[in-house]
Amino acid sequence: MSQAVKQRSMSWYALAYAGTGIAQKGFGFLLAMWLARTLTKDEYAQFGLLFALQSGLTAFAMAGIVEVVISFLGTHRDAPARARLYRAANTVFLGLSGLLAVGAVAVYLLYLRGAGIGMWPFVCVLAGALLAAQFLVQASLVRLEERHGAAIVFAFWAPVAGFVGAACAFALRPAVDSYFFGFAAASLLTMLAARLRGAGYFSASRDAAEIAPVRKSIGPYIGVAVLGWASGYGNVWVVEGLFTPALVAEFAFAYTLASILQLAANAMNQVWSPRFFKIVGTLPPHEIESQNMKFYRLQGLVLGLVSVAFLVVLPHLQRLFGGNLSEYHVTGGLAWLFAGYAVTIPWWHAQNYFLFKGEGARLMRIVLATTATGMLAWFGVMVALGPAGIYLGFFLLMALRSAGIWFVARRLWSIGLPWQGPAIACALIAVPALAAL
């Protein structure tokens, strides 16, 4: 294959990844609107808690698996060596999933059962979470082999099948447990179909010498996964411990909607990061920083405009959908969530330098330290300010994380502060937020 043809092929796959990501988020957004319209606030609060639990179990089940595989690719260059590596990764995944299932059952018996969550929805949540984690692991493994068509099947069609199953089950019986049963059942059928078609790398290893390097390397990533979940959907459980179910429902709904801005930011970062890695070793530092600042100003403008459009359109969508959606007054809180993603721009800027310089271990320590500090600040703000602290605390968390990583990167490499992008975004976000007061 010629270089030009290969480049065009990669461009098409890049567009496919971006398009499928947008489509998946769009489907999830419509499904969230439907659930909020149909369920009472108490029911949606329970849905939010279970959805947060499922996302956490998915993150923990695959914690570090893909990252460790990537780190070992340099010593596993030929196909047989990579096959052994993938087998070892699958074995570690199965072991981690088994331990997670045991731990999850213990948590259910000690806490969740007393919180009014039945065994059946819990089993469905656990099954759906482990299947979703397997899909994501398989998507990464086949992507490493440049089997992009199979990667899109695992990363897009599999979760969409789960959403479709959830939607069908919910349509037949509008209840929280129906959603998770439909998601798990459809995910299981999709997994069986993938196995029958030989679409992924599902073989496991029994060789302790193959398994040990992967098993011993995932430890730090588990801590990162725990804090990453706790600072995201996991905070729904913290909110549940401090506030009423109605506030839990509103936060879960707003956080789900806010993911649209995270999607826009990630899409832009996926375009800029390869360009940055290409120029960072060839251009003078001041020229690199000049191009960085131009990009992050543009990113701030795009994030601000997307936020404004969403904040303006959301009330109209709530009236259009009707039902219980009229009870969700989340414009102000959603604006704080959007602003939180906007002030993450310095984090993305600094992170690229850590990755290029091979400072992954240092980056991981910064993630742990800044996220833990930000979580404590978030909790403190909620205790001090009450419901307003839910959203302001998220903004503070993201700001502290960005400040922490930028401060270290500034000390190491004298990078600039891309303050204009966040300033532009926050200024734009403030307009519809203030108008809604």
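Guide: A residue is called buried when its relative accessible area is under 20%, exposed when it is over 50%, and partly exposed in between (1.4 Å probe, protein chains only). The model shown here is predicted, so local features need pLDDT of at least 70 and side-chain atom pairs count only at pLDDT 80 or more, while totals for chains, interfaces and linings use all residues. Residues are numbered from 1 along each chain as its sequence is written, and side-chain values use heavy atoms, leaving out hydrogens and water.

Visitor: Is Asp177 buried or exposed?

Guide: Asp177 is buried, because its relative accessible area is 18%. Asp177 is found in helix 7 (residues 176-197); helices are DSSP runs of H or I with at least four residues, numbered from the N terminus.

Visitor: With which side chain does the side chain of Asp177 make a polar contact?

Guide: A polar contact is a pair of N or O atoms within 3.5 Å; within protein, one must be able to donate a hydrogen and the other to accept it, and residues adjacent in sequence count only if both atoms are side-chain atoms. Here the partner is the side chain of Arg173, at 2.7 Å. Leaving aside residues up to four places away in sequence, Asp177 also touches Trp120 and Pro121, where contact means heavy atoms within 4.5 Å.

Visitor: Where is Trp419, and how is its accessibility read?

Guide: Trp419 lies in the loop between helix 16 (388-413) and helix 17 (420-435). Its relative accessible area is 53%, so Trp419 is exposed. Trp419 and Pro346 stand 73 residues apart in sequence, yet 7.5 Å apart in space, C-alpha to C-alpha.

Terms used: Helix = DSSP H or I, 4+ residues; strand = E, 2+ residues; numbered from the N terminus.
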